[in-house]
Amino acid sequence: MKRLAILGASGHGKVVADAALASGWGEVVFFDDRWPSLQSVGEWPVVGDTSRILEQAPDTDGVIVGIGDCQARATKHALLSDANAPIVVIVHPMAWVSPRCRIGAGSVVMAGAVVNVGATLGEACIINTGATVDHDCNLGFAVHVAPGANVSGQVAVGDRSWIGVGACVRQGIRVGAGVMVGAGSVVVADVEDGLTVFGCPARPSRSF
Ligand SMILES: CC(C)(COP(=O)(O)OP(=O)(O)OC[C@H]1O[C@@H](n2cnc3c(N)ncnc32)[C@H](O)[C@@H]1OP(=O)(O)O)[C@@H](O)C(=O)NCCC(=O)NCCS
């Protein structure tokens with residue numbers, strides 16, 4: 001029975017566990033820095049912290065970070081990667097992922113999501129429930145496309161950026177690194193690195 005170790009016993013971690021079990025993994029265990037005071041999450045045991053998962057990674061069938069926050073996920077993913085841990089990709093069986101796209105290690109594609117032809121996802125990305133990433137998009141490292149967000153064709157999204165729940169991004173737009181796009185926003189112009197933008201049309205938060 002294949003055993004998956006998830007680092008991060010959060011709500012998002014539980015969704016990763018659910019998707020993993022639906023896609024053929026036999027067993028899930030969690031690791032979290034709140035261990036040993038945190039002993040379980042949902043029906044799953046929490047069996048150690050980050051140092052433990054790094055020790056045990058070579059004997060595990062697969063590992064993945066289950067943290068929604070982009071910076072925290074990027075940091076933990078880099079630790080696993082440096083330790084040569086067997087980092088996996090999880091795709092829920094109810095997602096559509098074109099065989100003509102590339103998905104980096106440690107990425108997850110949740111139920112109802114679509115990743116279309118020609119898209120490239122970096123490592124540790126989240127394409128969350130019902131989100132879409134359309135043709136020829138290029139997502140960097142540790143990008144999170146939140147539930148129900150739509151990223152149109154040929155959009156580039158920089159490392160650690162977060163496209164908020166229900167937001168949409170017009171085709172061909174460049175979203176920089178470390179950007180937060182607010183919930184329900186409509187992005188119709190390029191966004192510089194490090195900005196928080198929201199609204200329709202999305203504008204930097206400093207102008208509100
Ligand atoms: C954009 C965002 C980061 C701003 O957070 P914040 O800095 O804490 O902002 P606040 O909640 O203090 O709101 C500040 C103002 O912006 C407005 N605002 C906040 N988010 C907004 C949004 N997405 N669209 C429109 N207006 C928004 C608020 O109504 C408030 O307006 P007011 O000053 O007139 O009352 C946040 O609201 C957001 O949308 N996060 C995305 C969350 C998400 O997608 N989660 C997915 C989980 S998987």
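Visitor: In which loop is Asn84 found?
Guide: The model is predicted, so local features need pLDDT of at least 70, side-chain atom pairs count only at pLDDT 80 or more, and totals use all residues. Numbering starts from 1 along each chain, and side-chain values use heavy atoms, without hydrogens and water. Helices (DSSP runs of H or I, at least four residues) and strands (E, at least two) are numbered from the N terminus. Asn84 is placed in the loop between α3 (70–82) and β6 (90–91).

Visitor: Is Asn84 buried or exposed?
Guide: The classes rest on relative accessible area with a 1.4 Å probe: buried is under 20%, exposed over 50%, and partly exposed in between. The relative accessible area of Asn84 is 68%, and therefore Asn84 is exposed.

Visitor: What is the phi of Asn84?
Guide: Most residues other than glycine have a negative phi. Asn84 is a residue other than glycine, yet its phi is positive, with a value near 55 degrees.

Visitor: Which class of accessibility does Arg160 have?
Guide: Arg160 is found in the loop between β17 (156–157) and β18 (162–163). Although it is not a glycine, Arg160 has a positive phi of about 65 degrees. Its relative accessibility is 31%, so Arg160 counts as partly exposed.

Visitor: What is the omega of the bond that joins Trp35 and Pro36?
Guide: Most peptide bonds are trans. Pro36 is found in the loop between β2 and β3 (40–41). The peptide bond joining Trp35 and Pro36 is cis, with an omega of about 10 degrees.

Visitor: Which residue does a cis peptide bond join to Cys200?
Guide: The omega of this cis bond is about -5 degrees.

Visitor: How far apart in space are Gly24 and Ala85?
Guide: Gly24 lies in the loop between α1 (11–22) and β2 (27–31). Because its relative accessible area is 52%, Gly24 is exposed. Gly24 and Ala85 are 61 residues apart in sequence, and from C-alpha to C-alpha their separation in space is 20 Å.

Visitor: What part of the protein chain is made up of buried residues?
Guide: The secondary structure of the protein chain comprises three helices and 24 strands. Its C-alpha trace spans about 45 × 35 × 30 Å along the principal axes. Of the 208 residues in the protein chain, the buried part is 48%.
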